[in-house]
Amino acid sequence: MPAVSKGDGMRGLAVFISDIRNCKSKEAEIKRINKELANIRSKFKGDKALDGYSKKKYVCKLLFIFLLGHDIDFGHMEAVNLLSSNKYTEKQIGYLFISVLVNSNSELIRLINNAIKNDLSSRNPTFMCLALHCIANVGSREMAEAFASEIPRILVAGDTMDSVKQSAALCLLRLYKTSPDLVLMGEWTSRVVHLLNDQHMGVVTAAISLITCLSQKNPDEFKTCVSLAVSRLSRIVSSASTDLQDYTYYFVPAPWLSCKLLRLLQCYPPPEDGAVKGRLVECLETILNKAQEPPKSKKVQHSNAKNAILFEAISLIIHYDSEPNLLVRACNQLGQFLQHRETNLRYLALESMCTLASSEFSHEAVKTHIETVINALKTERDVSVRQRAADLLYAMCDRSNAKQIVAEMLSYLETADYSIREEMVLKVAILAEKYAVDYSWYVDTILNLIRIAGDYVSEEVWYRVIQIVINRDDVQGYAAKTVFEALQAPACHENMVKVGGYILGEFGNLIAGDPRSSPLVQFNLLHSKFHLCSVPTRALLLSAYIKFINLFPETKSTIQEVLRSDSQIRNSDVELQQRAVEYLKLSSIASTDVLATVLEEMPPFPERESSILAKLKKKKGPGAVSVSELEEGKREGGELNGGSDRGADTAAMAASNASTPSPQADLLGLRSTAPVGSAAPSAGSLLVDVFSEAGPATPSAAVNDDGFLRFVCKNNGVLFENQLLQIGIKSEYRQNLGRMYLFYGNKTSVQFASFTTTVSCPGDLQSHILYMQEHFVEPLVEGGAQVQQVLNIECLTDFCDAPLLNIKFRYGGALQNLTLKLPVTINKFFQPTEMASHDFFQRWKQLSQPQQEAQKIFKANHSMDTEVLKAKLLGLGTALLDNVDPNPENYVCAGVIQTKNQQVGCLLRLEPNAQAQVLSHTHTHTHTHTHTNLYSCL
Amino acid sequence: MQFMLLFSRQGKLRLQKWYVPLSDKEKKKITRELVQTVLARKPKMCSFLEWRDLKIVYKRYASLYFCCAIEDQDNELITLEIIHRYVELLDKYFGSVCELDIIFNFEKAYFILDEFLLGGEAQETSKKNVLKAIEQADLLQESEDEYLSVKIFK
């Protein structure tokens with residue numbers, strides 16, 4: 001057994017750990033552990049009261065076993081007992097156990113909170129720190145409820161020790177992150193800001209993390225921190241390397257604090273006060289200058305710490321995006337790093353340059369490094385570095401270098417790592433489209449993509465090339481010729497066959513004059529691939545064939561022959577068989593005129609956001625594609641397809657989109673319009689009408705609860721309206737997923753500035769129940785304009801509270817701030833279930849245990865009109881079952897609530913009576929609180 | 001920082017610290033996946049990688065890998081030095097630390113970490129101050145041990 005240098009208190013523990021280490025097999029280890037568990041269990045259960053030391057030892061052993069990866073289901077009580085020991089080490093082990101093995105048993109939580117409360121009020125700084133560490137480590141809602149108001153007091157109290165202040169600051173940060181609603185801003189906030197001036201560097205280091213997080217959410221309340229942060233930073237940057245004693249790290253003064261200060265400043269725009277700004281610019285220049293100085297130490301820690309500050313400073317420079325001189329200097333510095341021998345620096349330089357590339361001031365400077373970056377793409381040995389290089393090439397691409405970059409990326413694709421191919425393909429496709437001056441180049445590029453990396457070419461990519469070819473008649477002949485040539489390769493990718501089938505079916509006539517690509521040659525070429533293809537491709541080819549019959553009457557008999565063959569007309573796949581039968585019939589009975597009308601060339605596709613861009617965004621997550629890039633993409637996209645205006649997109653959004661030209665048009669685009677209007681179940685649109693009559697006629701100005709309740713049974717309408725702003729909602733739900741479109745209309749003639757919206761989930765809604773993804777809104781809303789935002793919603797388990805939507809904007813200088821409940825209620829995830837009377841009663845009986853059943857009597861607020869009530873129940877999302885209940889007065893419904901984790905079946909009966917009271921009675925599977933949640937909807 | 005993991009070259013987890021609420025199942029899954037990913041990397045590769053929507057920063061010290069997951073806007077290099085400072089703290093406390101020290105005194109490794117990082121943020125970066133706090137606790141422990149040993153020999 002090795003000498004145990006410290007922690008010599010527990011010999012038994014060391015012996016046990018040694019034993020475990022000596023186990024030769026997993027089985028032996030498990031056996032030894034089980035023996036120990038049995039021993040500990042009997043010790044805990046024994047009659048003899050254990051002394052504190054033994055308790056500590058056993059609790060520590062349990063912890064060790066848990067950390068090995070085994071489950072521990074006892075010992076919590078003993079650990080809690082240790083908390084109230086007045087011996088430091090026992091208390092410490094107790095707290096460690098509780099922090100690692102958090103238990104949700106409410107009785108235990110009460111005891112733990114009690115022990116923490118005692119320690120917090122003990123005035124013993126070591127005990128106070130232990131208690132604060134425990135709260136910070138667990139960070140549960142229960143702890144936030146118990147201590148969120150206490151900790152700010154400790155943090156700002158004049159007599160609190162420095163070490164306690166440090167723990168309190170970060171403890172509060174943790175609670176704020178888990179339960180922001182429980183940490184109330186107040187008088188303490190201004191005093192927290194002043195901790196930036198504290199003479200103890202440790203206190204500043206801890207407090208600044210809290211301040212950064214708080215000012216992201218409440219920028220106005222904390223804005224005084226900017227000048228304080230600048231002066232603190234300035235003092236550090238200009239200090240000699242020895243001034244800060246132990247806070248100097250390898251000759252770099254306070255690197256952690258410097259990074260945190262620079263990070264805090266990134267929560268704010270550049271300082272308005274000229275003096276403060278001047279001082280800050282000076283700091284940033286000093287940091288850039290220092291990067292050029294010879295290192296004070298050869299140790300990598302020295303250069304890492306120094307460069308950590310440098311990169312953070314560059315982030316701030318990019319964030320301000322207003323100092324051309326600093327931006328260019330930053331770019332030059334990063335340029336040097338691109339060829340540094342440290343892989344880490346090359347990686348970070350590539351990453352950081354990506355953001356510099358999007359600034360108008362430094363875009364050109366970034367472009368000068370193109371050769372180095374291309375070289376990195378080719379020669380870096382680490383795939384994550386190559387990935388960064390590819391990202392940077394993508395970011396620095398513009399019209400002037402697009403051909404070079406696309407060519408390099410294409411050639412890299414041939415050997416690229418499988419993990420990044422799909423993303424590379426998307427990027428090449430986007431660049432080719434965005435910067436195409438000449439569309440034959442675009443078509444070549446996409447066909448090359450399919451040839452090189454066919455497996456990674458997603459549907460969006462080949463849909464898109466077809467959309468573009470169809471919308472641009474100057475490229476159609478070239479596309480037909482190129483794809484015809486590409487198909488002649490002996491082994492060509494199925495995606496090539498798809499594109500070939502579609503394009504030749506539409507535009508094969510444009511190359512039919514050449515005897516080498518006569519109609520029959522074209523057909524035979526396509527058909528030679530047929531048997532190698534999957535069902536969807538075959539289906540597409542059959543459509544291409546019938547188009548051929550229209551384009552080239554001379555191919556009719558050959559193609560009819562093919563369609564008539566058993567392998568088509570009796571194909572076991574229904575889709576193929578149906579197409580064969582129908583196309584054959586169509587070609588034999590329809591006149592040429594009819595045929596020409598039915599099989600007319602596809603009309604141009606309506607303009608929309610490139611579905612490829614949407615896919616890339618989805619792949620990278622929101623935020624990965626910068627807003628400006630997206631905007632540019634859209635603009636370029638519009639230009640590309642004949643300049644259809646951007647408003648059309650939104651207009652199409654609002655109107656029902658009935659004229660979708662082909663199934664292909666229904667791409668995965670995030671702004672895909674089809675399901676919203678026309679495709680929504682008719683019950684939904686019916687309800688809009690019913691409710692606009694039945695509900696209050698004028699939308700009330702500020703009372704959102706009213707607006708909220710009206711949305712329980714409907715999906716579309718006006719959520720909020722006042723003199724300035726109108727917020728409309730369209731939403732759709734399918735199974736446990738939902739999508740909500742929010743329309744913000746500026747009713748005034750004046751621009752709204754700094755328009756931001758945030759969705760937050762109160763309480764534990766966020767972590768456990770509802771996931772929401774937020775798409776951006778532009779910060780400026782012109783007078784009379786409407787902007788749109790999309791939210792994706794996923795129901796994980798059932799829930800009660802609704803998410804909150806916070807909207808902030810400046811109207812004529814005054815900050816407007818309002819918070820609305822978003823109408824997301826549990827019933828939105830209902831799937832109606834039809835069932836017969838017999839089934840219904842059988843299930844009703846099966847679900848009659850007390851926890852599965854609930855009833856409630858309430859007074860109806862509105863008149864009990866049968867039709868209105870029926871419409872409401874349908875709007876709830878359930879199926880309304882007729883002829884089930886023997887009493888025709890009663891309403892009976894059934895549905896299944898779809899959550900990600902489970903499906904909860906619900907049966908509902910409403911029994912209205914003459915006094916306009918309603919008795920409602922529900923039976924559900926499993927969850928009791930589902931009842932509560934449902935009733936809150938009712 | 002979202003979490004920190006210490007594991008050996010054989011893939012054995014030696015220390016885990018989570019700063020975000022996750023289920024045990026999820027923690028195990030993340031650990032398995034990351035240990036595998038990091039161990040598969042070659043020595044000269046860079047210390048950062050993208051993983052899910054997080055950035056992983058790792059460094060190897062002798063037989064141990066120190067691996068941190070940070071968020072998008074966090075600073076990679078300073079995280080690398082957080083790892084180094086933690087190693088320095090362990091080293092100073094144990095006197096040229098090795099993997100065995102961390103195995104046999106895992107609770108100490110946690111205590112030191114808690115003094116250095118809290119809630120995923122640096123709480124105290126001065127080596128002196130962190131060690132002072134830990135040594136104070138040890139002093140308390142030793143006086144208790146004396147008390148205990150007296151009792152045993154009675």
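**From the chains to a helix pair**

Guide: Of the 938 residues that make up chain A, 55% count as buried. The model is a predicted one. Chain A holds 42 helices and 16 strands, and its accessible surface is about 40,900 Å², with 51% of that area belonging to carbon and sulfur atoms. When contacts between residues at least 6 apart in sequence are considered, 67% of those in chain A link residues at least 24 apart.

Cys129(A) lies in helix α7, which spans residues 125-138 of chain A. Its relative accessible area is 9%, so Cys129(A) is classed as buried, the cut-off being under 20%. Beyond its neighbours within four places in sequence, Cys129(A) contacts Ser163(A), Val164(A) and Ser167(A). Cys171(A) is 42 residues away from Cys129(A) along the chain, and 9.9 Å separates their C-alpha atoms.

The helix pair itself belongs to chain B. This chain has 154 residues, 60% of them buried, and an accessible surface of about 6,700 Å², to which carbon and sulfur atoms contribute 53%. Five helices and seven strands are found in chain B, and their order along the sequence is β-β-α-β-β-β-α-α-α-β-β-α. Among the contacts in chain B with a separation of 6 or more, 48% are between residues 24 or more positions apart.

Two packed helices are described by the angle and the distance between their axes. Helix α2 of chain B covers residues 76-94 and helix α4 of chain B covers residues 106-116; their axes cross at roughly 130° and come within 11 Å. The crossing of α2(B) and α4(B) is right-handed.

On the α2(B) side, the residues that meet α4(B) are Ile82(B), Arg85(B), Tyr86(B), Leu89(B), Leu90(B), Tyr93(B) and Phe94(B). Their counterparts in α4(B) are Lys108(B), Ala109(B), Ile112(B), Leu113(B) and Phe116(B). Sorted by class, the contact between α2(B) and α4(B) comprises ten nonpolar and two charged residues, with no polar ones.

Technical notes
Residues numbered from 1 in each chain as written. Chains lettered and ligands numbered in written order. Predicted model: local features only at pLDDT ≥ 70, side-chain atom pairs only at ≥ 80, totals over all residues. Heavy atoms only, no water. Helix = DSSP H or I, 4+ residues; strand = E, 2+ residues; numbered from the N terminus. Buried < 20%, exposed > 50% of the residue type's maximum accessible area, 1.4 Å probe, protein only. Contact = heavy atoms within 4.5 Å. Areas by Shrake-Rupley, 256 points an atom, 1.4 Å probe, with all protein chains shown as cover. Axes fitted to C-alpha atoms, helices over the stretch in contact; angles between N-to-C directions. Left-handed = near helix turned anticlockwise from the far one by under 90°. Nonpolar A, V, L, I, M, F, W, Y, C, P; charged D, E, K, R; others polar.
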